[in-house]
Amino acid sequence: MAIKGGKTWLVYGGLGLGGLAAGFPFAWMLLASFMTRGESLRRVFLPESLQWGNYLKAWQEADFGLYFENSLIIAVIQVSGTLLFSLLAAYPLARMEFRGRDTVFAGVLATLMIPETVTIVPNFLTITWLHRNMPFAWLNNWPAMTIPFMASAFSIFLLRQFMRGIPNELWDSARIDGAGHVRFLFQILLPLCRAPLLTVGMFTYIGSWNALAWPLLVTNTPDWRPISVGLQQFVSEAGAEVHLQMAGAVIATVPVLLAYFLIQREFTEGISMSGLKG
Amino acid sequence: MDTRRTEQLTAWAFLTPALVVLVGFGLFPIGYAFYVSLHKWRIKKEALIGFEHYVRALGDPQHLVFLLLGVGIVWAAYRLRSHLLERGLPSAYVYLAWGILLLPGLWVLFELGLNGLAATGDPALYNGFKVTFFYAIGTIPLQLSLATGLAYLLFKSMRAKGTFRILFFLPYVTPVIASAVVFRTIFSPHPSSLANRFWSTFGFENQRWLYESKSVVALFLQGVGMETWPTWVDSCFPSMALTSIILYNIWVYVGYDTVILLAGLSAIPRHYYEAAEMDGANGWQVFRHITLPLVSPTLFFLSMVAVIGTFKAFNHIYIMRTPGARESVDVLSVAIFDQIFEFHNAGYASAMAFVLFVAILVLTLLQNQVLGKRVFYGD
């Protein structure tokens with residue numbers, strides 16, 4: 001909808017203000033990460049010269065190398081698992097006729113209401129039991145960090161919504177060509193679901209990057225602890241070293257923002273779908 | 001015949017991996033949490049103690065009965081009012097009858113029920129509920145109005161739409177731990193912290209922000225020169241520390257809400273606007289009578305997500321809470337995590353968590369009933 005000339009400045013003024021508020025903490029984080037200790041304590045706005053050494057120091061002091069690697073491995077396992085499981089689950093919910101479909105879908109959505117606070121203790125007990133009774137280790141290992149999060153109601157919901165919008169003719173013609181459900185899903189639907197898959201992947205990635213309470217519970221050595229735990233411990237130990245804290249925060253942020261910039265088009269498109277009924 | 005069977009089996013085979021995870025780590029834990037909560041349970045299961053943990057958490061059961069009774073009376077009053085109004089009785093009498101029933105109901109609910117429970121139950125639980133309530137009231141309305149405004153502006157803007165959308169969305173995708181650490185330094189009590197610098201440009205005194213457990217209203221009274229104030233001024237308003245966390249929360253979620261609302265706005269058929277323009281509606285009228293009702297489902301969805309999110313909030317509060325102001329920012333989920341991590345009391349933590357779960361359930365149903373009716377889903 002076109003707007004009348006006089007109001008343009010109002011629109012862009014408002015947007016600019018919002019953008020400033022959104023971007024300002026990032027600017028401060030970046031600038032402070034390049035300051036000397038004195039500069040960061042005096043809270044000057046611009047560092048005299050860029051202290052690249054802060055990053056090296058934070059990296060070494062916080063043992064970010066290890067945490068970084070852990071987080072990346074956890075993210076890869078968790079994202080691939082979630083994508084596969086959600087894709088498989090969304091397909092019958094969107095496009096197949098079977099008894100109990102609506103009940104299953106309602107049950108899946110109901111899990112959205114359950115907070116981690118309720119599940120954390122019983123899940124820890126379950127994992128401990130699995131740890132004892134399974135041939136491989138769960139605690140202090142990747143299964144405890146990833147498997148409980150490999151299916152999420154939100155992912156299944158988003159993919160189902162998208163799949164329902166795909167015309168039936170595709171399935172009919174695939175059927176004539178002799179394709180079954182598995183081939184149809186992986187050869188024809190999969191490439192079409194690019195945007196929702198990237199969205200689900202991004203959400204899972206962010207979620208795995210944010211996990212804090214659960215990793216603290218199921219690990220007691222740094223071997224499998226993710227970057228969120230590393231950063232939290234570094235910050236509580238670093239005390240007044242604001243410049244190093246900010247360098248640490250930048251380090252923990254970069255991998256997520258990088259992924260976001262790469263796929264932001266599909267991501268916004270996918271997110272936008274989640275609020276619409278259908 | 002056979003193909004139908006195969007079809008059913010295929011469907012369930014596809015669903016199985018996700019369902020195993022969702023049931024095993026999502027639904028089953030609810031029952032398990034309840035089971036754990038009925039036991040004395042530290043590292044291992046000990047004695048079965050029934051509802052003892054619930055009494056310790058919630059308080060004297062007789063007050064719980066009063067609470068439920070109060071809810072019942074209030075609900076009956078509400079039903080009676082709509083019932084009588086439907087039968088066409090004069091509204092003055094209806095409201096009189098309504099009031100006669102409602103006031104004692106509220107008294108039973110709050111005085112005999114809630115107050116009694118809070119006096120005999122676990123202060124950490126009720127404080128957690130109170131802080132969660134402040135947190136929800138402080139974030140959701142402001143966050144949604146800001147987002148609606150921004151989405152409307154984005155919708156109207158012709159250029160740079162994509163750039164702004166990316167920018168607004170950045171706080172949401174940034175790892176919570178990192179941004180919470182950044183806000184911790186912004187809201188530090190240091191005289192030269194960014195929050196204090198901004199604050200002092202208006203000529204105000206420096207604040208202790210995340211370290212301040214006094215309520216914002218008490219601080220305001222202090223600012224205008226009062227020296228003493230009744231205790232309820234401190235207990236009935238959010239603390240400065242919680243307000244700082246609320247600001248952080250708004251910063252994180254406004255962008256997400258904006259992007260979703262923008263999608264809602266873009267889905268409104270153009271001809272509604274054209275019709276309004278033909279009828280000579282002004283900008284505000286268009287917004288109030290066309291835009292707002294048509295995005296109300298989206299707003300409703302976002303408010304549901306936000307309410308549940310308030311109850312789930314943990315990471316950023318865990319990072320931003322300070323020794324001086326812990327109690328005033330500890331929402332229920334943080335209080336529960338303390339039971340797990342500090343006191344290693346799995347049994348009691350599960351009881352508290354179960355109470356939280358029931359609260360979310362009731363609230364979601366209530367929200368669905370009250371707000372859901374006002375949502376316009378079109379024709």
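In chain B, 71% of the contacts between residues at least 6 apart in sequence join residues at least 24 apart. The model is predicted. Chain B holds 17 helices and two strands. Chain A has 14 helices and zero strands. The two chains touch, with 78 residues from chain B and 74 residues from chain A in the contact.

**Chain B overall**

- The C-alpha atoms of chain B fill a box of roughly 75 × 70 × 60 Å along the principal axes.
- Chain B has 379 residues, and 41% of them count as buried.

**Chain A overall**

- Along the sequence, chain A reads α-α-α-α-α-α-α-α-α-α-α-α-α-α.
- Its C-alpha atoms fill a box of roughly 70 × 70 × 35 Å, again along the principal axes.
- Chain A has 278 residues, and 44% of them count as buried.
- Among contacts in chain A with a separation of 6 or more, 76% come from residues 24 or more positions apart.

**Where the chains meet**

- The contact draws 78 residues from chain B and 74 residues from chain A.
- On the chain B side, helix H1 (residues 2-37) gives the most, with 18 residues.
- By class, the side of chain B that touches chain A has 57 nonpolar, 17 polar and four charged residues.

**Two domains in chain A**

- Chain A is divided into domain 1 (8-51) and domain 2 (62-274).
- The C-alpha centres of these two domains of chain A lie 32 Å apart.
- Nine residues from domain 1 and eight residues from domain 2 of chain A make the contact between them.
- Helix H1 (8-33) and helix H2 (37-42) of chain A are the elements that give two or more residues to the domain 1 side.
- H1(A) gives the most to that side, with four residues.
- The domain 1 side that touches domain 2 of chain A divides into five nonpolar, three polar and one charged.

**A helix pair in chain B**

- Helix H11 (residues 240-266) and helix H13 (residues 283-312) of chain B pack at an angle of about 140 degrees.
- The axes of H11(B) and H13(B) are 9 Å apart.
- Angles over 145 degrees count as roughly antiparallel and 65 to 115 as roughly perpendicular, so H11(B) and H13(B) are oblique to each other.
- H11(B) passes H13(B) in a right-handed crossing.
- From H11(B), the contact uses B:Asp257, B:Ile260, B:Leu261, B:Gly264 and B:Leu265.
- From H13(B), the contact uses B:Thr291, B:Val295, B:Thr298 and B:Leu302.
- The contact of H11(B) with H13(B) has five nonpolar, three polar and one charged residues.

**A covered helix in chain B**

- Helix H7 (residues 176-186) of chain B is mostly covered, with eleven of its eleven residues buried.
- The buried residues of H7(B) include B:Ile177, B:Ala178, B:Phe183 and B:Arg184.
- B:Ser179 and B:Thr185 are also among the buried residues of H7(B).

- A:Ala252 lies in helix H14 (residues 242-274) of chain A.
- A:Ala252 is buried because 28 other C-beta atoms lie within 10 Å, and the cut-off for buried is 20 or more.
- Not counting residues up to four places away in sequence, A:Ala252 touches A:Ile227 and A:Leu231 in chain A, and B:Pro175, B:Ile177 and B:Ala178 in chain B.
- Two of these partners, B:Ile177 and B:Ala178, are among the buried residues of H7(B).
- A:Ala252 and A:Ala151 are 101 residues apart along the chain, and their C-alpha atoms are separated by 25 Å.

- A:Asn140 has a phi near 55 degrees, a positive value in a residue other than glycine.
- A:Asn140 is found in the loop between helix H6 (116-133) and helix H7 (142-146) of chain A.
- With 16 C-beta neighbours inside 10 Å, A:Asn140 counts as partly exposed.
- B:Ala160 has a phi near 60 degrees, also a positive value in a residue other than glycine.
- B:Ala160 lies in the loop between helix H5 (123-156) and helix H6 (161-173) of chain B.
- B:Ala160 is partly exposed, with 14 other C-beta atoms within 10 Å.

Technical notes:
Residues are numbered from 1 along each chain as its sequence is written. Chains are lettered from A and ligands numbered from 1 in the order in which they are written. This is a predicted model: local features need pLDDT of at least 70, side-chain atom pairs count only at pLDDT 80 or more; totals for chains, interfaces and linings use all residues. A residue is buried if 20 or more other C-beta atoms lie within 10 Å of its own, exposed if 12 or fewer, and partly exposed in between; C-beta atoms are placed from the backbone. Two residues are in contact if their C-beta atoms, placed from the backbone, lie within 7 Å. Ala, Val, Leu, Ile, Met, Phe, Trp, Tyr, Cys and Pro count as nonpolar, Asp, Glu, Lys and Arg as charged, and the others, Gly among them, as polar. Domain bounds come from an automatic or database domain assignment. Axes are lines fitted to C-alpha atoms, for helices over the stretch in contact, and angles run from 0 to 180 degrees between N-to-C directions. Angles under 35 degrees count as roughly parallel, over 145 as roughly antiparallel, 65 to 115 as roughly perpendicular and the rest as oblique. A crossing is left-handed if the near helix is turned anticlockwise from the far one by less than a right angle, and right-handed if clockwise.
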